[in-house]
Amino acid sequence: MKQYFNELPRPTFRWMRVNHQELDVPQSPQLKKVSVAERHEGSVEVRFYEGSEVPAVPDFTGASPETLNQALAGGNVNCGITVREGQKASVWLHYTVSEAVPDLVGQLHIQAGKNSVLQVFTLFDGDAPAGLVNLLHYVEAGENASVTISKVQVHGNRVRHIDQRLTRDGKGSRVKFVSAEVGGHQTLVYCRTELNHDESVFESRSMYLGDEDQLFDYSYWVPNQGCKTHTDILTTGALMGKSRKFFRGTIDFLRGGKKAVGSEEDTCLLLNKGVHSISVPLLLCKEDDVVGNHASSSGQVDPDMLFYLMSRGFSEAGARLVIVESNIRPVIDQLGDETLANKALQAVREKMQFCSRKGNCDEQCTKRLPDLN
Amino acid sequence: MNEEMKSGSVSFEKEKDLINSMDDLGNMYNFRKDFKYSYKTDAGLTPDIVREISEKKNEPKWMLDFRLKSLDIYQQIPYPSWGPDISGLDMDHIVTYVRPNAQMKADWNDVPDDIKDTFDRLGIPEAEKTSLAGVGAQYDSEVVYHSIQDELVKQGVIYTDFDTALKKYEDVVRSHFMKLVPPTDHKFAALHGAVWSGGSFVYVPEGVDVSIPLQSYFRLNAPGAGQFEHTLIIVEKGAKVHFIEGCSAPKYNVANLHAGCVELFVGDEATLTYSTIENWSKNMYNLNTKRAIVGRNGTINWVTGSFGSHTSCLYPMSILNGEGAHCEFTGVTFAGKGQYLDTGSKVVHNAPHTTSNINSKSISKDGGVCIYRGSVVINDAAEGSKANVSCESLMLDEQSQSDTIPAIVIKNDNVDLGHEAKIGRISDEAIFYLMSRGLSEDEARAMLVRGFVEPVSKALPLEYAVEMNNLINLELKGSM
């Protein structure tokens, strides 16, 4: 059965086939019980629940109506995180797909009270034939709350990873997603953040490294209704093999949202023939007193840079890795957790064949220069 | 003054006079003539109407068959699911063919007075004398005047109306007509294939440089009618030509439709510059299709100013099929009250080392809606290609809307693509500075807007740059 994912809020020319992602969808899985590894620091309530805590939002369609309904119907990895007013906390969650439990479906309901600071670190790994991860993030950020969700996804190449995000802001709140997507067969990210309150901030930093027939499909939609809101979206990465990347970003400046500032940037390094990079960065503007920018760039590794690095003793492949890493560093460095950063870097180096420690994360990875020659 | 206007260096004192003089210019485009015609079809779209048009034009059978097939396609294709609302356009009330009370002439003195007066007021005969190598003038559904300098004829250049071309150069027309824009392309391409009438045919032989521009002007005078002219330009290897297209209509309370089609064949090492100053009336649905195919080391330059229309969908497309082919698009769109102008550019890179450069500017005011909708596709074979897209949108008030909807598809690793877009308003600091130098706020805004669109003005011949600046002043004054 075919299903449309990540539909563009304002469709364009049909012949370009960029208005949505059409994929085959298997029957809904029978979910098995599974536990998510969790640890936390600070004053925070972390609970795992059955059923649904997330309300149905009429105009939120998610990555697709079907996957949204699947996540809303309850799942096997539902988790709620609540941090009260003025509190500070960090939470680590580890989701593992396995042949025993190939399907992880659920919600991550985050409530951050007024003036609270919350960091959530998520790690997705493991592999299974026709594996599925479908997680709905529902973030409620109170006044002046700061919520950062860092994610590293290093699934095997048989997993479809669907990441749906809906954010409710508060006045002066700041919600930030930092994602490193390296694994998975198909990765679909749908993010809707409504900046309805004054001075609220949304940031997204995403990196990907595609190989073989991997698909990365990012979709962002940020309506700006509050005054002096700030939106900053960066997606950067590299493609190898026959991998494909779609970026659909929509910053929507609504009437009345004065002094809003929004920018979106999509950068893609094309490492060999056969890759496809598709970029659809939309700016919709009904308010004159705003500043909106978007930029998109795609190209090969800069030959001058390659030459310089090779003249300093690197092999060509080693030089390419250094350039790819420098391209994704702005995201890796903001993950905020060294173990997660190392996981992501190790996965990148494995893919580019500069790390032999398969599946064995080295805490010192960031300090250890691989054998580049 | 014209040079000053083109360069945007008008003195502060002159600025106010310039703005105040625009009322007369508004009348220059928006004047009506009595609706006279020698023949017109009934409103609506049926096979009988299509047969009637073909019969009146005494066309070959293949063209009638083509029209009927296009009508069939039109009836099967749905309206686009994206883009502006065109529900106000009711094809049952559109008259698709209006033959004016005139035959085509090669001397303005032979053109009936009321039609000649129309083109006099639009400045066409005057422009012909001073700055054009050839002129075509279409009134409603038929071309009423066509001329070309003898010197160009001697060099083998053909510039004629499309009906004549169909008779005199039937083989050439048949092998090119709607091959670049097939009726299956979209609903209004199919409509065009069914009811096309008028338009221009240009052929520039190998190596000929037509140094002075050719111009076709399209005037739609009939209320509730459609204009469906077809423009076909073939520029052979190493040849060069600049074609200018102008269009306008008086305003009526009923919807008018323009669904023209432009097909441009640019040969190896040839250069074609296609400039358009579009100023249709604000009751016009402008659903036009323009497409160019470019050979090895050939160049297509699009220069577009879109000012008129109630609703526009216009995305000139360049297919870069020859190695080293190049496309340059420079466009400005200005939407005022009640206008929804959905414009942009499409480029397809099909060959190695092709390059494209898209530079689009838009201005929206008084609730006007400007949409930039573009596409760049770099296909597998386009090794070493480069593309650059720049969109800038200026909003002059908080009632207006400006959207940027680009789509970029890259299927080759050896490419260099850059895209950037900006949306914003005129900075308060710039207005304050100019006002501190003695300008009123309106005058300061006009000056800044002219500076914003200067790259487009610079790409046009002097007379047309002046006309475009006049149109901007008109829009700013809101006198149309």
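**Core and domain contacts in a predicted model**

Trainee: How many of the 480 residues of chain B count as buried?

Mentor: This is a predicted model, in which local features need pLDDT of at least 70, side-chain atom pairs count only at pLDDT 80 or more, and totals for chains, interfaces and linings use all residues. Residues are numbered from 1 along each chain as its sequence is written, and chains are lettered from A and ligands numbered from 1 in the order in which they are written. A residue is buried if 20 or more other C-beta atoms, placed from the backbone, lie within 10 Å of its own. For chain B, the share that counts as buried is 59%.

Trainee: Which residues touch the most other members of the largest nonpolar core?

Mentor: A nonpolar core is a set of buried Ala, Val, Leu, Ile, Met, Phe, Trp, Tyr and Cys residues joined through C-beta atoms within 7 Å. The largest has 247 residues, and those touching the most other members are Ala344(A), Val235(B), Val266(B) and Leu272(B).

Trainee: How many residues does the contact take from domain 1 and from domain 2 of chain A?

Mentor: The C-alpha centres of these two domains of chain A lie 25 Å apart. Two residues are in contact if their C-beta atoms, placed from the backbone, lie within 7 Å. The contact takes 23 residues from domain 1 of chain A and 17 residues from domain 2 of chain A.

Notes. A residue is buried if 20 or more other C-beta atoms lie within 10 Å of its own, exposed if 12 or fewer, and partly exposed in between; C-beta atoms are placed from the backbone. Domain bounds come from an automatic or database domain assignment.
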